[in-house]
Amino acid sequence: MIFSAISWSQKNNYSTIVVDNIDINGFKYGYDINKCKEIFGKPKVYKEYVDPYPIEGYGKNFYLIYDSIKFTFVEFYNNVILSNINIHGEDYTVNTGNFTFKVGDKLEKLKYFEKSYAYFLKQNPKPYKEHEHFFYINLLIKRIDYEYYGIINIKLINDTIKEVSFRFDDGT
């Protein structure tokens with residue numbers, strides 16, 4: 001059995017959301033590139049990239065870039081899967097089933113994620129020495145024969161959400 005102390009620590013310090021319970025303006029983990037285009041329209045930029053020194057199993061990277069949201073898909077053993085999402089604008093709402101948040105919301109709103117909020121305050125006691133901070137929430141991703149954790153990384157400046165990033169790759 002392979003065990004990562006970092007993953008265990010991450011799991012214990014942060015609130016956890018099952019990835020199937022999240023959507024961004026109707027887009028869910030597991031949707032493909034075509035569904036992304038159907039929901040968000042034609043991207044401003046669409047790029048495909050082939051790493052000249054790929055990691056085993058990985059092929060092309062696909063980037064769909066809109067005004068204030070970016071999707072990255074990767075080819076992994078001939079399947080194209082969602083790797084990450086970066087939200088920079090207030091037009092996109094993250095829905096967790098019972099709770100929503102978005103860029104522009106205040107830190108106080110994130111109290112909903114009690115474990116993450118408590119750990120954030122422990123790591124960042126006021127008065128702050130810096131103006132940029134990061135708030136983390138685990139994403140539990142379940143497969144038929146295993147489960148692993150991705151992460152939501154919320155960038156805060158002066159206690160206001162400025163960016164929300166989702167990382168879904170195996171091994172995060």
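## Lining of the second largest pocket

The second largest pocket is lined by Asp51, Pro54, Ile55, Tyr58, Gly59, Asn61, Thr72, Val74, Ser83, Asn84 and Asp169. The structure is a predicted model, and the volume computed for this pocket is about 160 Å³. Three strands, β5 (58-65), β6 (69-76) and β7 (79-87), each contribute at least two residues to the lining, and the largest share, 3 residues, is supplied by β5. Sorted by class, the lining residues of the second largest pocket divide as follows.

The C-alpha atoms occupy a box of roughly 45 × 45 × 30 Å along the principal axes. The radius of gyration of the protein chain is 17 Å, which agrees with the value near 16 Å that a compact globule of 172 residues would have.

Of the 172 residues in the protein chain, 41% are buried, where buried stands for a relative accessible area under 20%. Among the contacts in the chain with a separation of 6 or more, 45% are between residues 24 or more positions apart. The accessible surface of the protein chain amounts to about 10200 Å², and carbon and sulfur atoms account for 50% of that surface.

Methods. Residues numbered from 1 in each chain as written. Predicted model: local features only at pLDDT ≥ 70, side-chain atom pairs only at ≥ 80, totals over all residues. Heavy atoms only, no water. 1 Å grid on protein atoms, 1.4 Å probe; cavity = no way out; pocket = protein on both sides within 12 Å on 5 of 7 lines; lining within 4 Å. Points joined across faces, edges and corners; volume = space filled by probe spheres on them. Helix = DSSP H or I, 4+ residues; strand = E, 2+ residues; numbered from the N terminus. Nonpolar A, V, L, I, M, F, W, Y, C, P; charged D, E, K, R; others polar. Rg over C-alpha atoms; globule rule 2.2 N^0.38 Å. Buried < 20%, exposed > 50% of the residue type's maximum accessible area, 1.4 Å probe, protein only. Contact = heavy atoms within 4.5 Å. Areas by Shrake-Rupley, 256 points an atom, 1.4 Å probe, with all protein chains shown as cover.
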